[in-house]
Amino acid sequence: GQLTMSDSVVSSNTAGDGAPGGDGGGIYSQGLVEVISTTLTDNAAGAGLLVYSTEPPYSPGPNGASGGKGGGIAVWNSVLHLSSSLVVGNLAGGGADGLGLPQSLSLENSPSVQSWGQPAKGALDPQSRIGGSGGSGGYGGGISATLSSIAIDRSAIDSNRSGDGGKGGWGYTVCGDGGRGGSGGGVFAGNGSYVRVQETTVAHNHSGDGGGPCEPIVVRSDP
C-alpha cells in the first residue's frame, strides 16, 4: 500500500497491548509512506503482556513479552520519507514483568500460597519456584524501521523514548532475568535498514531502562 500525509497532526494514539505489543502507535506501514509538514506527538506502541506456561506450577513462571516498536512510526519492508515534520514525545512499548512467587511467603500458610494464579503443590517445592523473565522494551521511541529505507529531511525528532524492560519474576530457587531496555530512543534502524538524515535535529531522546533481576524472596514465620 501507499500512504501520503501532509499538513496533519497525529496525536495521542496507542497500538494494542499483546505478546508482543503492537508496533507503530501513530503510523504502521508495510508499504510506501510519505509524511510532509506533519506533527506526530504523544503516540505509544503497545505494551507487552505475559506469556503463560502450559503446565503451571511445575514449569517456570510466565515470561513477559516484549513491548511494541516505533512509538511514532513503525515501518517494515517499506520506504519512508519524512520531511518538514516533528516527531516529539512518542513512546515505544514497555516489556512485561516476569511472574513467579509473591515477594513475601509465610511458613505458616505456605501450602496454600498461590503461584501465578494456580495453587502451589508445595509452598517451597523448588520445581515450581522458577521466576519468569521480563520482556524486552520496544525499540525506536520515535521511529522504528525493519528491512526498510528511511529518508528524514528538515525535521525534528525530540523527546522520544524507547521502552523499558520488564523485571524478572521472583523464584524460590531461580530468579527470572530482567528484560533489556529498548534501543534507539529517537530512531532505530533494524537489520537490513538504511537511514539518511539531513538538516534535521535529533535531541533529548532516551533509550529504555533494563528491567533488572528479581529481588530476593522474604520468607517470614507468622507468630
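Is Ser 6 buried, partly exposed or exposed? Ser 6 is partly exposed, with a relative accessible area of 38%. Here buried means under 20% relative accessible area, exposed over 50%, and partly exposed in between (1.4 Å probe, protein chains only).

1. **Basis.** This is a predicted model; local features need pLDDT of at least 70, side-chain atom pairs count only at pLDDT 80 or more, and totals for chains, interfaces and linings use all residues. Residues are numbered from 1 along each chain as its sequence is written, and side-chain values use heavy atoms, with hydrogens and water left out.

2. **Overall make-up.** The chain has 0 helices and 20 strands. Both are DSSP runs numbered from the N terminus: helices (H or I) have at least four residues, strands (E) at least two. Of the 223 residues, 47% are buried. The accessible surface is about 10,100 Å², and carbon and sulfur atoms account for 51% of that surface. Areas come from the Shrake-Rupley method with a 1.4 Å probe; for residues, only the protein chains shown count as cover.

3. **Contacts.** A contact means heavy atoms within 4.5 Å. Take the contacts between residues at least 6 apart in sequence: 83% of them join residues at least 24 apart. Ser 6, in strand E1 (residues 2–6), gives an example. Its C-alpha is 5.5 Å from that of Ser 37, a residue 31 places away in sequence. Beyond four places in sequence, Ser 6 touches Ile 36, Ser 37 and Thr 38.

4. **The parallel sheet.** Five strands form an open sheet in the order E2-E5-E10-E16-E19, with parallel pairing. Its edges are strand E2 (9–11) and strand E19 (201–203), each pairing on one side only. The twist averages 5° from one strand to the next. Two strands pair if DSSP finds at least two bridges between them; E2 and E5 have 3, in the parallel sense. Val 10 stands opposite Leu 40 in E5.

5. **Thr 41.** This residue sits in strand E5 (residues 39–41). Thr 41 is buried, at 17% relative accessible area. Not counting residues up to four places away in sequence, Thr 41 touches Val 10, Ser 11, Ser 12, Val 88 and Asn 90.

6. **Ser 144.** Strand E14 (residues 143–146) holds Ser 144. Its relative accessible area is 2%, so Ser 144 is buried. Leaving aside neighbours within four places in sequence, its contacts include Lys 69, Gly 70, Tyr 139 and Phe 188.

7. **Salt bridges.** There are 4 in the structure. The criterion is a side-chain nitrogen of Lys or Arg within 4 Å of a carboxyl oxygen of Asp or Glu. Asp 23 pairs with Lys 69, with the closest N and O atoms 3.5 Å apart. Asp 23 lies in the loop between E2 and E3, and Lys 69 in the loop between strand E7 (63–64) and strand E8 (73–76), so the pair ties together parts 46 residues apart in sequence. Asp 153 and Arg 196 also form a salt bridge (2.9 Å, N to O). That pair ties together parts 43 residues apart in sequence, because Asp 153 lies in strand E15 (residues 149–153) and Arg 196 in strand E18 (residues 194–198). Asp 153 is buried at 7%, whereas Arg 196 is partly exposed at 30%.

8. **A salt-bridge network.** Arg 161 and Asp 164 meet in a salt bridge (2.9 Å, N to O). Shared partners join Arg 161, Asp 164 and Asp 209 into one network.

Technical notes:
Axes fitted to C-alpha atoms, helices over the stretch in contact; angles between N-to-C directions.
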